[in-house]
Amino acid sequence: MHDRTIPRRTIRRRAVPRRTLLTATAVAAAAVCAAPLPAQAGPRPKPPPGRSDRLRRLVARMSLEEKVGQLFVVRVYGHSATDPDRADADTNLAETGVRTAAELVSTYHVGGIIYFAWAHNTRDPHQIAALSRGIQRAALAQRTPVPLLISTDQEHGAVARIGKPATLLPGAMALGASRSPDDARRAARIAGAELAAMGVNQNYAPDADVNVNPANPVIGTRSFGADPRAVAGLVSAQIKGYQGAGIATAAKHFPGHGDTTDDSHYALPTIHHTREQWAALDAPPFRAAIAAGVTSIMTAHIVVPALDPTETPATLSHPIVTGVLREQLGYDGVVITDALDMKGVREKYGDDRVPVLALKAGVDQLLNPPDFRLARNAVLAAVRSGELSERRIEESVLRILTLKDRLGLFRDPYPPGGGVDRTVGTPAHLAAADRIAEATTTLLVNERGLLPLSRRRERDLLVVGADAASPSGTTGPPVTVLADALTELGFAVTALSTGTAPGPERIDAAVAGARGKDAVIVATYNVSATGSQRTLVSALAATGVPVVTLAVRNPYDIALLSGVRASLAAYSWTDVEVRAAARVIAGRARPRGRLPVPVQRADDPARVLFPIGHGLTY
């Protein structure tokens, strides 16, 4: 999904031959003890005859426009279903010809709405619940009452649309470092319960990509790791956690987005795996998701020549969506596209052709087209011309209605009264998030036992580093959060934000600030071979003051840094993971995380610096 709150990341690393990466990953994965892979699922059991007949009768009563509307999951601006701010109403009018979410539902009969912070849908939990209630009220007031799937991307970690006071939990790679299916399941159960209380009934999570490429600019820490079996086990655990909370899930991004150097938001990536490599590396988490009963699978806007030699993007590929996902893997649930406003799917085809081609490929739901009215009219025209049969449309509508029925939305689509106060951001959930995060911090280097820092021996600290924008807009800045947490733990701390690309003046200020300190802690964020974060760390190490680095995004930073006495990985810059790292640094918690990905040497990527499973403790 496209996120307008996080700028595009540019990662400059030495180019690594793909075969080297795959070999290194395979060797590292084989060296760890992974959970057994869930058995391959067969076709999903058919719904009970009563449900199937009832839903078929409902489809038969729907007009073509109502059926086509069910296929779309769209954005809408505003905090209220009926009374958005004037600017949001004007934006809606320009994009869709209506002013409110309620009018969008009644006019176009859409099947789902996706929430974004930048669309002003997610101001606070009570507002979100009221918006959801208003949307469902409009849905049930239609000629053919059909409740909506209300969705968002609440992966946690690097991607979170809903922020505080909701509970923010460790992201996927952090959970991969904990190696605990129980923690992954518990995190999903908490996340799902809070979403349900706000009327969000589908989360586009978990990420089932196997991140075997350190230069991957779009997945990275959104993945549970590079070991297919470990990723499969954690994907399965999270699906079960969301199921326990009554939330629909979406394993993504099929057939696997873990080995790319391009971001499909801005380009059309190609995955060069052979069919055998795909089966060994990319397929296991999706097989596990199907076995766990995943309620939807999201496609990727990527080219996989081994699966479709025509090099059609997977979202639009009949051989991939129908041939591989439905026929080979036996999946008969809902298939949803990744956002159709991403360049990866728009590069070869016009915005009027993309939705039609996706449906011909076997997709059911069309997510966030850039021009909804154009896309809707294109599908209607394709049916009326015979390019798409109405029966084909009805197949997808039936799958979508079956999912809604399984969630109980026909019985009661509204968020529970008082659910926000009972569930969202409760002390119990916040405490659980802290406990889960404590098991994720990974200690990579600890020369001469520098860590844990002692309040007597290293009392005076300087904390510097990157202050990346908060994924949810409600956390951080990480340097301040880290400094405050260490202050609360009894240290005397000076904080200085140096940014993700510190200039000479900021580096000089950090060096000056290090004088007289007992230790310096540097929060690093995707260090590059030519970037100035590397210069900052070298300059601080040259002062002779012990330097500790904390990677607050990808854990590969240590391969590019020299002169550090200790190094840790937090896998995210959100408060819960930064605070957990502070407790580890201060000795209030012992480091328990283990690398879920290998870290290759910067000077020789064919050699592994730290393998999967590496992690020190004390």
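In the predicted model, Val464 has Leu496 of β11 as its bridge partner. The pairing of these two strands is parallel, and 6 bridges join β10 to β11 (residues 492-497). Strand β10 is largely enclosed by the rest of the structure, because 5 of its 6 residues are buried.

The loop between β9 (442-446) and β10 (460-465) holds Arg456. Arg448 is found in the loop between β9 and β10 as well. Arg456 has a relative accessible area of 79%; the cut-off for exposed is over 50%, so Arg456 counts as exposed. Arg448 is also exposed, at a relative accessible area of 68%. The backbone of Arg448 shows a positive phi of about 55 degrees, although the residue is not a glycine. Arg456 belongs to a surface patch of positive charge. Arg455, Arg459 and Arg588 are gathered there with Arg456.

A further set of strands builds an open sheet. It comprises 5 strands in the order β4-β3-β2-β1-β8, with parallel pairing. Strands β4 (202-203) and β8 (366-367) lie at the edges, and each pairs on one side only. Within this sheet, β2 (residues 112-114) and β3 (residues 149-152) run parallel and are joined by 3 bridges. Ser151 in β3 stands opposite Ile114.

The loop between α5 (101-108) and β2 contains His109. Its phi is near 55 degrees, a positive value in a residue other than glycine. The relative accessibility of His109 is 16%; buried means under 20%, so His109 counts as buried. Positive phi thus occurs at a buried residue, His109, and at an exposed one, Arg448.

Two cis peptide bonds remain to be described. One runs from Lys252 to His253, with omega near 5 degrees. His253 is found in strand β5 (residues 251-254). The other runs from Phe254 to Pro255, with omega near 10 degrees. Pro255 is found in the loop between β5 and α10 (275-291).

Conventions
Residues numbered from 1 in each chain as written. Predicted model: local features only at pLDDT ≥ 70, side-chain atom pairs only at ≥ 80, totals over all residues. Heavy atoms only, no water. Patch = residues over 30% accessible without salt bridge, like charges linked within 9 Å, V, L, I, M, F, W, Y side chains within 5 Å. Areas by Shrake-Rupley, 256 points an atom, 1.4 Å probe, with all protein chains shown as cover. Salt bridge = Lys/Arg side-chain N within 4 Å of Asp/Glu carboxyl O. Lys, Arg positive; Asp, Glu negative; His and termini not counted. Charge placed at Lys NZ, Arg CZ, Asp CG, Glu CD. Helix = DSSP H or I, 4+ residues; strand = E, 2+ residues; numbered from the N terminus. Buried < 20%, exposed > 50% of the residue type's maximum accessible area, 1.4 Å probe, protein only. Pairing = 2+ DSSP bridges.
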